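Me: I have a structure open and want to learn how to read it. Can we take it feature by feature?

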Amino acid sequence: MTTAPKRTDLPEWQALAAQARALRRVHLRELFRRDPARGERYTAEAAGLFLDYSKNLVTDEILTGLFALARACGLAGARAAMFRGDRINVTENRPVLHVALRNRAQTPIRVDGKDVMPEVNAVLGRMSAFAQRIRSGTWRGHTGKPIRAVVNLGIGGSDLGPAMACEALNPYAQRDLAVRFVSNVDAAHFVEQTRDLDPAETLFIVASKTFATQETMTNAATARAWCLRALRAEAAVARHFAAVSANAPAVAQFGIDPANMFEFWDWVGGRYSLCSAVGLPLMIVIGPENFTALLDGFHLMDRHFAEAPLERNLPAILGLLGIWYNNFWGAETYAILPYDQALRRFPAYLQQADMESNGKQTDKEGRRVTWQTGPVIWGAPGTNGQHAFYQLMHQGTKLIPADFIGFCRTHQALGDHHVKLMANCFAQTEALAFGKTAAEVAAEGVPAALIPFRVFEGNRPTNTILAEQLTPATLGALIALYEHKIFTQGAIWNVFSFDQWGVQLGKVLADKVLTELQSLAEPALAHDSSTNALIRRFRQARQPIL
Ligand code: F6P
């Protein structure tokens with residue numbers, strides 16, 4: 001391992017730390033007063049997304065400092081290495097090539113000297129043919145009925161992306177096809193999602209990169225039994241099950257027809273896999289044409305990230321602003337606030353994308369980091385969040401940077417709903433930035449004793465991302481924007497963003513505990529006293545396993 005300087009030792013880092021101290025005395029009100037064009041200057045646009053970052057606690061000097069930090073950390077080189085197919089996922093010795101999945105330019109991308117584009121296109125072609133057959137009803141179930149419901153069995157990256165996107169693109173859905181997602185090993189999830197379905201009209205997609213994940217394999221076995229109980233023939237599995245995986249032998253062992261298996265590759269991380277065969281349920285629901293438009297949107301943002309100068313590069317700007325608050329202002333969390341009900345699941349999707357990528361404690365040199373890495377990502381759609389947690393954002397003691405995401409046009413143009421929604425979106429960022437002073441409160445005739453409670457300090461930073469409409473292409477660009485934001489931050493924090501060793505320990509221990517919970521004989525427990533007691537208590541009260 002080389003000994004790159006610690007990030008905090010970089011002169012660019014230290015300069016920013018000093019600038020943060022100096023800026024603490026300046027209010028956004030003052031920054032906007034000094035530069036009346038700020039709201040137009042601090043904007044950038046790409047792939048149909050308009051970013052207004054003027055309501056951030058930054059100046060030209062600070063932005064210059066942030067771009068200098070990105071250069072000092074080798075962001076451009078890291079980015080080129082990813083697009084080139086270098087093995088940048090060092091701890092798993094893999095390239096990171098989700099960009100190949102939506103490489104609409106078709107330029108060759110090589111892994112071990114072999115261009116991956118023909119394979120990518122072949123799988124997309126097979127997915128498309130399969131999706132068309134389901135959509136048109138030419139694919140028949142075991143009893144000859146067409147498929148009316150698609151149930152995705154997967155978890156994490158094999159669930160969150162397609163589940164989020166199916167909801168986001170609902171206006172493009174074929175409405176006589178139901179789509180359901182079962183992820184949790186809690187049987188309630190399977191039972192509730194299949195309660196009203198007819199096995200003869202249901203297609204299960206077992207989505208698992210490893211085809212070894214406990215939750216998904218348990219749900220797949222339950223689905224198989226549910227299907228066979230009704231259809232009473234092993235042959236039904238071939239008509240009612242498809243698989244999405246990077247592990248072909250395990251799929252065959254489960255009994256799924258290799259003709260119904262859609263492959264992806266170990267160079268696609270689970271949380272970056274929506275454009276791979278993991279997107280199959282989405283493609284079935286919105287159709288191959290709309291799925292292609294989604295890929296086009298991803299690709300536009302990929303090219304923008306790869307080619308635009310940092311100063312106009314949306315993912316780089318978002319990433320650097322996040323670093324500014326995370327590392328120089330002590331912010332621990334980051335809110336994602338879509339003003340669009342269809343993006344209800346977007347914050348949860350980004351939780352995995354961001355927190356599994358950059359929730360790391362070790363830098364690329366193997367040293368314990370001495371700087372903060374990934375923030376806690378959370379959020380909910382507006383306006384619902386306004387009536388729940390915005391109080392703390394406006395008047396609490398924590399700094400919570402936030403992204404507000406909205407659209408000029410809606411698919412559901414019903415009365416004045418949409419203008420009201422967007423009025424709230426714009427008003428919230430204004431209120432968070434500028435607040436209301438004691439003098440302004442007093443001028444409204446508020447009694448002196450109540451003034452402190454009615455003051456809004458403001459100075460709360462936000463970005464606004466505005467697009468024309470939530471189309472497949474816009475959604476693709478939006479997801480890619482955040483993927484590359486995460487990449488930017490990982491490069492600056494000097495962490496490996498594409499592994500997830502932190503989820504392993506719990507999985508291993510769960511296997512051990514499972515054996516102890518299931519054992520007929522009283523097991524000899526050798527955990528800590530808390531875990532031992534919990535296991536004993538559960539065993540005493542547990543139900544027989546059916
Ligand atoms: O436990 C975390 C994780 O490995 C994620 O990274 C992944 O998206 C998820 O589990 C599901 O994995 P698989 O697709 O292999 O079932």
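Me: Which helix gives the most to the lining of the largest pocket?
Reply: α22 does, with five residues. Helices (H or I, at least four residues) and strands (E, at least two) are DSSP runs, numbered from the N terminus. α10 (214-231), α16 (346-358) and α22 (504-518) each supply at least two lining residues. This is a predicted model: local features need pLDDT of at least 70, side-chain atom pairs count only at pLDDT 80 or more, and totals for chains, interfaces and linings use all residues. Residues are numbered from 1 along each chain as its sequence is written, and side-chain values use heavy atoms, leaving out hydrogens and water.

Me: What is the volume of the largest pocket?
Reply: Rolling a probe the size of a water molecule over the atoms shows where empty space is left. On a 1 Å grid over the protein atoms alone, a pocket is an open set of points where a 1.4 Å probe fits, with protein on both sides within 12 Å along at least five of seven lines; lining residues have an atom within 4 Å of a point. Grid points are joined across faces, edges and corners, and a volume is the space filled by probe spheres set on the points. Here that volume is about 890 Å³. Of the 36 lining residues, Thr 210, Thr 213, Gln 500, Val 503 and Lys 507 are the closest to the centre.

Me: Where does the ligand sit?
Reply: In the largest pocket. A molecule sits there if more than half of its atoms lie within 2 Å of the pocket's grid points.

Me: Which peptide bond is cis?
Reply: Most residues other than glycine have a negative phi, and most peptide bonds are trans. The bond from Gly 382 to Thr 383 is cis, with omega near 10 degrees. Thr 383 is in the loop between β11 (376-378) and α17 (390-395). Ala 47, not a glycine, has a positive phi of about 50 degrees.
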